[in-house]
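The sequence and structure are shown first.

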Amino acid sequence: MKYKLEWKYKLKGSEGIDFTSDWLNGELALQAGEELEGSGKAVDITFYDEAGTSWTIKEMKKLLAEIEEEPHDITMYFDGGFDKGANRAGLGAIVYYNQGKKKYRLRANQVVEEMDTNNEAEYAAFYFGLSLLEELGVRQLSCEFKGDSQVVLKQLEGDWPCYEETLNRWLDRIEHKIEQMGLYPKYLPIERKANKEADKLATQALEGKIIHSKMQII
């Protein structure tokens with residue numbers, strides 16, 4: 001989850017000037033708030049999360065202490081590989097996240113039968129990635145979703161229309177799952193070369209190499 005600060009800067013002989021920060025991660029936002037408070041020049045310091053909820057400095061400290069042991073700062077990569085001859089797909093997803101002052105990476109893949117197109121495979125890969133987030137217990141958080149499928153990401157964002165019935169069903173499933181988990185999604189298209197890890201997992205799934213591993217990033 002990202003946070004922004006709003007505060008009033010005290011000026012001698014003036015009612016003060018209102019300021020708003022950029023969106024920041026929780027630790028940086030709290031540090032900025034504490035330094036502003038310590039300067040003696042800022043009043044009415046308030047934090048807002050991406051859902052519009054407001055927090056005081058005291059409340060922010062308590063909030064960050066509570067969520068520190070839960071997965072947060074989530075980024076998910078996804079990719080789908082399609083075997084046209086067999087009408088099946090290899091799904092690959094990687095989740096990067098922080099938990100308890102440590103960074104982790106979860107890698108997994110899966111094979112799905114009875115797929116019709118490469119775009120359907122990409123949607124299935126995205127949904128598979130959501131299942132990994134659910135497995136980690138991710139709830140009520142902002143998450144970045146990265147992939148090289150412009151179709152999936154632009155249609156999920158609502159920028160591109162979807163006319164295919166099969167893909168519309170995947171859209172509905174994904175949107176329902178995101179709503180059910182209380183996620184605040186950010187869809188970020190990336191180049192294929194930046195998505196090599198997810199692509200490799202999808203290929204390995206089609207080759208019969210099933211992977212599900214979690215490791216700490218040093």
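The model is predicted: local features need pLDDT of at least 70, side-chain atom pairs count only at pLDDT 80 or more, and totals for chains, interfaces and linings use all residues. Residues are numbered from 1 along each chain as its sequence is written, and side-chain values use heavy atoms, with hydrogens and water left out.

The place of D73 is in strand 6, where helices (H or I, at least four residues) and strands (E, at least two) are DSSP runs numbered from the N terminus. Phi of D73 is near 50°, a positive value in a residue other than glycine. K101 has a positive phi as well, of about 70°, although K101 is not a glycine. This lysine is found in the loop between strand 7 and strand 8 and counts as exposed, at 67% relative accessibility.

## The largest pocket

Rolling a probe the size of a water molecule over the atoms shows where empty space is left. Here a pocket is an open set of points on a 1 Å grid over the protein atoms alone, where a 1.4 Å probe fits, with protein on both sides within 12 Å along at least five of seven lines; lining residues have an atom within 4 Å of a point. Grid points are joined across faces, edges and corners, and a volume is the space filled by probe spheres set on the points.

The largest pocket has a volume of about 300 Å³. Its lining consists of 16 residues, and E27, E68, H72, D73 and N98 lie nearest its centre. Two or more lining residues come from each of helix 1 (26–39), helix 2 (57–67), strand 6 (72–83), strand 7 (88–99) and strand 8 (102–113). By residue class, the lining of the largest pocket divides into five nonpolar, five polar and six charged residues. In this scheme Ala, Val, Leu, Ile, Met, Phe, Trp, Tyr, Cys and Pro count as nonpolar, Asp, Glu, Lys and Arg as charged, and the others, Gly among them, as polar.

## The second largest pocket

What volume does the second largest pocket have? About 250 Å³ of space lies in it. The second largest pocket is lined by 16 residues, of which K2, D73, I74, T75 and E144 are the closest to its centre.

The lining of the second largest pocket divides into seven nonpolar, four polar and five charged residues.

## Salt bridges and cysteines

How many salt bridges does the rule give? The count comes to 15, a salt bridge being a side-chain nitrogen of Lys or Arg within 4 Å of a carboxyl oxygen of Asp or Glu. One of them joins E34 and K61, with the closest N and O atoms 3.4 Å apart. This pair links distant parts of the chain, with E34 in helix 1 and K61 in helix 2, 27 residues apart. E34 is partly exposed, with a relative accessible area of 33%, and K61 is partly exposed at 42%.

The side chains of K193 and E191 meet in a salt bridge at 3.7 Å, N to O, and both residues are exposed. Another salt bridge pairs R192 with D199 at 3.6 Å, N to O; D199 counts as partly exposed, at 28% relative accessibility. Salt bridges that share partners also join R105, R107 and E197 into one network.

A search of the whole structure finds zero disulfides, a disulfide being a pair of cysteine sulfur atoms within 2.5 Å. C143 counts as buried at 1% relative accessibility, and C162 counts as buried at 15%.

## The two sides of helix 2

The buried residues of helix 2 are I57, M60, L63 and L64. Seen down the helix axis, these buried residues fall within an arc of 115°, so they line one face of helix 2; the arc is that of the directions from the helix axis to the C-beta atoms. The face turned away from the buried side of helix 2 carries the exposed residues K58, K62 and A65.

Key. Buried means under 20% relative accessible area, exposed over 50%, partly exposed in between (1.4 Å probe, protein chains only).
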